[in-house]
Amino acid sequence: MKSHNKENVLKSIDTLGLALIGCLSLGYCLFSKRFAELHIDIHFLDFPVFIGEIILILCLFLFIFKLSKQPLVLNFKHYLIFFYFFFVIVKAFYGYYTWGPLAFRHSALFYYPVFALFGYTFYRREFFNIKLTFILIILLTLLPLFSYFYSYYLLPCIFLNLVLIFTLGVKKIKYTALFLVTALFPFKDFFDTSRTSLVANIFTLVFVIFYILCVIKIKKIYRLIVFLLIFFLILIAAFELADNNAVKSIIDIEGLADTYRYYDDYITPRYDSFQMVEIEKVKVYNPEFKPEQELNSKVDSVQVKISQIEEEMKLVKTGFSTSKGRERLEYEAEKEAKDINRSLTAEKTALVIEQLKNQISEIKNDIFQARDLLENTEFQEKDKVMAEIDNMKSKVRLLEGKLESIEPELSKTENRQQKAIGSEQNDAPSKRRLQAAVINSLFRVFIWRDMVRELRESRPWFGFDFGKPLRSKSLEILHWADVDWKRDGWITAHNSFLHIIYRSGLIGIVCLFSFAFMFIKNIISGIKLKSLNIGFLFAALLSWLVIGNFLVILELPYNAICFWSLLGMTLAYINGKKKSFIK
């Protein structure tokens with residue numbers, strides 16, 4: 001009788017834990033940042049407690065309660081986990097004492113893996129009965145159709161749907177569900193998406209094909225032929241369906257390197273002497289804007305853009321000259337006595353002007369949006385902001401006039417300009433321009449380079465303090481993302497794995513290698529067990545990991561909590577499959 005009651009209690013704990021994680025994940029999937037920013041303010045704390053942390057605390061209580069009912073037999077792995085979280089807690093509170101509440105935001109990158117423990121502990125195969133499975137299949141099929149759907153959940157939703165469909169026992173129902181899911185699949189969004197998603201989608205799809213070919217019985221030579229054939233078909237589909245400029249910016253390594261050298265030649269002589277601006281107050285996060293905040297931010301952003309264009313235009317106009325098909329662009333730093341000369345081809349100078357045109361076009365669009373927002377917003381300084389917007393409109397007209405005076409000087413090299421610029425002028429506004437895509441890539445490269453340089457120079461064995469704002473000298477020299485880091489006091493790493501090493505040093509490196517070993521080991525286990533579902537589960541996880549190389553993924557709750565929870569449940573699922581296989 002007691003054992004029966006104990007089992008009912010444990011089952012209730014697991015059900016409640018999975019329900020909490022499931023509801024949280026659904027909110028993140030539908031509303032991402034908007035939902036993640038739900039929080040409570042406690043009067044004696046100088047930081048908000050977000051919905052993700054509230055669910056974490058509730059799950060932690062459930063986890064501890066379950067351990068009290070079903071004690072663990074501790075082994076070496078458990079002690080390593082205890083040491084890891086002890087390290088995170090010490091760094092978090094030391095960082096909070098030294099730097100302030102931003103330390104807890106940085107620590108989230110390291111404490112969100114606790115959801116893997118929750119997912120592993122709460123998982124029960126019987127929880128996913130036929131009724132719930134049908135509900136989840138319908139839900140995962142319809143989710144991508146919602147306007148607020150978070151696009152980086154597309155692949156995880158697809159593969160989780162496949163897992164659920166393949167668990168259905170009746171073949172007719174299984175194949176009917178598979179047909180409906182396939183019919184509603186957004187094939188266009190799979191390729192015609194952001195560059196990061198495109199890379200993740202292709203990489204994950206290739207992994208799935210490889211995994212399936214390893215599971216099914218087929219001769220090695222046929223396996224290789226089929227794999228190569230499908231791989232080339234995927235590449236052809238990517239070139240045909242994806243944004244051409246996005247694809248070019250990925251594969252044109254030489255062009256990227258050339259543009260990198262172009263900007264690096266400007267950064268290098270200024271790097272050592274450059275003094276970074278001190279930020280008085282560092283924000284923990286940047287909330288979703290209210291109308292008045294959005295308006296003020298947009299006005300500030302436009303003013304910064306106009307200042308940057310005015311500087312760039314001075315440089316183009318001052319340094320432009322044609323001599324034997326070459327141009328020299330003279331950079332003039334505000335606080336430097338010496339000028340730096342740089343040779344540029346006519347094509348590159350044309351690209352600078354084309355970029356200025358694009359920036360002016362963006363500014364005009366921002367001003368239009370700001371004015372439209374202003375007309376529907378009421379606050380005290382409305383007239384003042386309206387005057388600022390009108391002033392900016394005048395400045396933009398002036399900039400356009402200056403640009404028109406520079407442009408005729410390029411007439412002799414018109415054909416070469418068109419070759420450099422390509423057909424971008426005729427692209428639809430929704431398409432990413434090639435130059436903008438390249439700049440976006442270099443934005444990340446310069447952040448990573450500065451992080452590695454900082455690690456190399458300071459050699460922090462256990463990483464930099466949680467709470468220490470991450471800044472990039474290179475970006476600040478170029479005046480890139482000025483609005484962001486001046487507003488918040490820091491920038492994001494745009495690479496979760498490098499960020500782990502940056503914040504935790506050697507321990508982070510050990511953790512990453514251990515994670516990679518565990519990941520690959522369990523994929524091999526799935527192949528040995530001949531389980532397609534294990535492959536689909538790891539494909540869902542892999543898509544997040546690929547994106548994590550270029551975006552802020554494991555740092556943010558609406559990515560990290562879902563990832564770690566799914567990983568924990570996946571490992572529990574594999575453990576159950578192994579036990580069944582042995583029996």
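1. Lysine 33 is partly exposed, with a relative accessible area of 27%, where partly exposed lies between buried (under 20% relative accessible area) and exposed (over 50%), using a 1.4 Å probe and protein chains only. This lysine 33 forms a salt bridge with glutamate 37, with the closest N and O atoms 3.7 Å apart, a salt bridge being a side-chain nitrogen of Lys or Arg within 4 Å of a carboxyl oxygen of Asp or Glu. Glutamate 37, at 13% relative accessibility, counts as buried.

2. The model is predicted, so that local features need pLDDT of at least 70 and side-chain atom pairs count only at pLDDT 80 or more, while totals for chains, interfaces and linings use all residues. Residues are numbered from 1 along each chain as its sequence is written, and side-chain values use heavy atoms, leaving out hydrogens and water.

3. The whole structure holds nine salt bridges. One of them joins arginine 124 and glutamate 126 at 3.0 Å, N to O; arginine 124 is buried at 13% relative accessible area, whereas glutamate 126 is partly exposed at 48%. Both residues belong to a network of salt bridges that also links Glu7, Asp14 and Lys66.

4. Another salt bridge pairs aspartate 258 with arginine 261, the closest N and O atoms being 3.6 Å apart. The two residues lie three residues apart, about one turn, in helix H13 (residues 253–271), helices being DSSP runs of H or I with at least four residues, numbered from the N terminus. Aspartate 258 is partly exposed at 28% relative accessible area, and arginine 261 is partly exposed at 45%.
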